[in-house]
Structure formats: C-alpha cells, structure tokens
Amino acid sequence: MTNQTNNSQDTHTTRNAQNAQGAQGGGAAPTVLVTSATGKTGQRVAERLTARGATVRAGSRTGATPFDWEAPDTWAPALRGADSAYVAYYPDLAAPGAVEAMRTFGRLAVEAGVGRLTLLSGRGEPEAVAAEEALREAAEGVELTVVRASFFAQNFSEGLLAEGVAAGSVVFPAGDTAEPFIDADDLADVVVETLTDDRHAGRTHELTGPRPVGFAEVAAEISRASGRPVVYEPVSEADYAGFLAGFGLPAPEAAWLANLFATLLDGHNASVTDGVKQVLGRDPRPFADFATEAWDGRTSAS
C-alpha cells in the first residue's frame, strides 16, 4: 500500500509539473479554472486571462462551467483537465467550513492533475490562514501562491456597501479606523501574474493600496467624484448585525459578518505593503483615482 501511494504521488507530481509548464505559455494555451467567476475579482481575472490567450473555465452556479462552493459535487468536474485554478472561496476564507472546503478542493486538484493554484485570502485573518494551510497540505505537489488582500475599494461600488452609497450613506462598524483599500483591478493583475509566471510559486503576497484611508474620507471622495453628498455613519458591531438582518440576512450570518468586519477594521490592518509593486513593478491605484473612475459624473452607484 505504501509503494502504491508513493507511486501515485510521483505520478501526480510529474503531471502537475507538466501542467504548470503549459500554463506559462511554453506549449498549448493553458486551461484555467476561475472559481466565483462572476464575482468582483473572478470576473476581472477571467477577462485578463482570456486576453492573454488562456482557455478560461468561468466557474459559477449558472454558467457553462457549473461551480458552486456550496455544492462540492461540482468541484471535480470543473477541475478535470485544468492546468491551473484561481481559488476565490465564498463567502470568505475565514468563514466556518472554509478549512474543510480547502482540504477537499486541494485533494480534488491533485487528483485532477492541476499544476498551479492561486488562492485569494484575507489580510490579517487568522482563520483564513488556517484555511490556507489546509489547502497547502491537501494539494501537496501543486504550486500554490497565496494572495492576501486588504478591503476592496469596489465594495463601495459593486459590493455590499453599494446600495447604501447610492442612497447617500456608508454605514459600517469601522469607527475612525483607516484602511489601505486595494483596487480589485490591481488585485486581478497580480493574480494573473501568479498564474502565468512560475516565480510566484510557493509565495504569499500581501496587497494593499498606497495609503490608509478613513471611511469619512471614503465618503468625501465618493461625494467629490459623484457630485452628490455621501456621509459616513459609524455604528457598533451589534447595530451593524441588526442592520444586515433588517435587509433579510439570516441573524447568525449577519452576526458573523458584522464580527468579521469589526475585527478586520480594528486598526491592525492599517499598515501599507508594497506587494502590488513587487509583482507588477508599479504602485497600486489610490482610492481617489478609483472613485473618480467609478463615479465620475454619475448620480448613482449602480
């Protein structure tokens, strides 16, 4: 049994290495599975990989490549034949169940002969680190890059805060903490590099914007760019959980999400990294530039 196991691992390792080489453009166009391909980062990564000539499997609940993090039976078919994969776990890598999901996904990636994985993780999230390690251990022999990101700037234009911004307010349990918001376009550029350049194998990149920005300043920048007033309304963690529940989110999920945000925005993530510049050779986009592009002359945040 031991010899059979070792032979199987050797076979997977050889096949993974061959697939990783193909993903770098040395042979046929690589096939890349993009999980959560309709999300903020997945959609951007899929578009960039397609532009580079990769064959992209855009994994989603309703797309041509069925993929649903809540339906593990969809994972293996989506992975089969892929050279690499972008792993963007929903709802968050710090969420309950993420560790086991990463163990299962990693095992299936090995079985499918996937050569390279890039995992989106959260910056300053201990629970997310546990999920990272689970994937790393389960996907032994697969090249893994971890990209830990700060809070997305696009959360204000495309995410859970967009509706409030459209109504003129940013309600959030962040107090006066500043956050170095990362532009999702910068993050997508980094992810594509990690999937197409073997220099990033085994590395962890921490990505932030160029400087910390407080939520009051965020509201002011959106007001400037959109030409209409937007105000920041700081609330407590408990009040924010109630706020989310009021919009129909189940109470346990609302409480978990409010706690996650309050924890992430307690000041420990306020520092800036040079992760974007290390990978792309350029500085990340400032929040003010993002706001100008997202709301220039608009009267809504849709």
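View 1. You'll find His-200 in the loop between helix H7 (184–196) and strand E9 (204–207). Helices (H or I, at least four residues) and strands (E, at least two) are DSSP runs, numbered from the N terminus. Leaving out residues up to four places away in sequence, His-200 touches Thr-145, Glu-193, Thr-194, His-205 and Val-279; a contact means heavy atoms within 4.5 Å.

A quick word on what you're looking at: this is a predicted model, where local features need pLDDT of at least 70 and side-chain atom pairs count only at pLDDT 80 or more, while totals for chains, interfaces and linings use all residues. Residues are numbered from 1 along each chain as its sequence is written, and side-chain values use heavy atoms, with hydrogens and water left out.

**View 2. Glu-132, a buried glutamate in helix H5.** Glu-132 sits in helix H5 (residues 126–138). Is this residue buried or exposed? Glu-132 is buried, with a relative accessible area of 1%. Its side chain and that of Ser-121 are joined by a polar contact of 2.6 Å, meaning a pair of N or O atoms within 3.5 Å; within protein, one must be able to donate a hydrogen and the other to accept it, and residues adjacent in sequence count only if both atoms are side-chain atoms. Not counting residues up to four places away in sequence, Glu-132 also touches others, including Leu-93, Leu-144 and Arg-148. Leu-93 is 39 residues apart from Glu-132 along the chain, yet their C-alpha atoms are separated by 8.2 Å.

**View 3. Strand E7, covered on both faces.** In E7 (residues 169–172), Ser-169 and Val-171 on one side and Val-170 and Phe-172 on the other are all buried. E7 pairs with strand E11 (residues 231–234) in the parallel sense over 4 bridges; two strands pair if DSSP finds at least two bridges between them. Ser-169 has Val-231 as its bridge partner in E11.

**View 4. The largest nonpolar core.** This core has 34 residues, and Phe-172 and Phe-287 are among those with the most contacts inside it. A nonpolar core is a set of buried Ala, Val, Leu, Ile, Met, Phe, Trp, Tyr and Cys residues joined through side-chain atoms within 4.5 Å. H10 provides the largest share of this core, 6 residues.

Conventions: Buried < 20%, exposed > 50% of the residue type's maximum accessible area, 1.4 Å probe, protein only.
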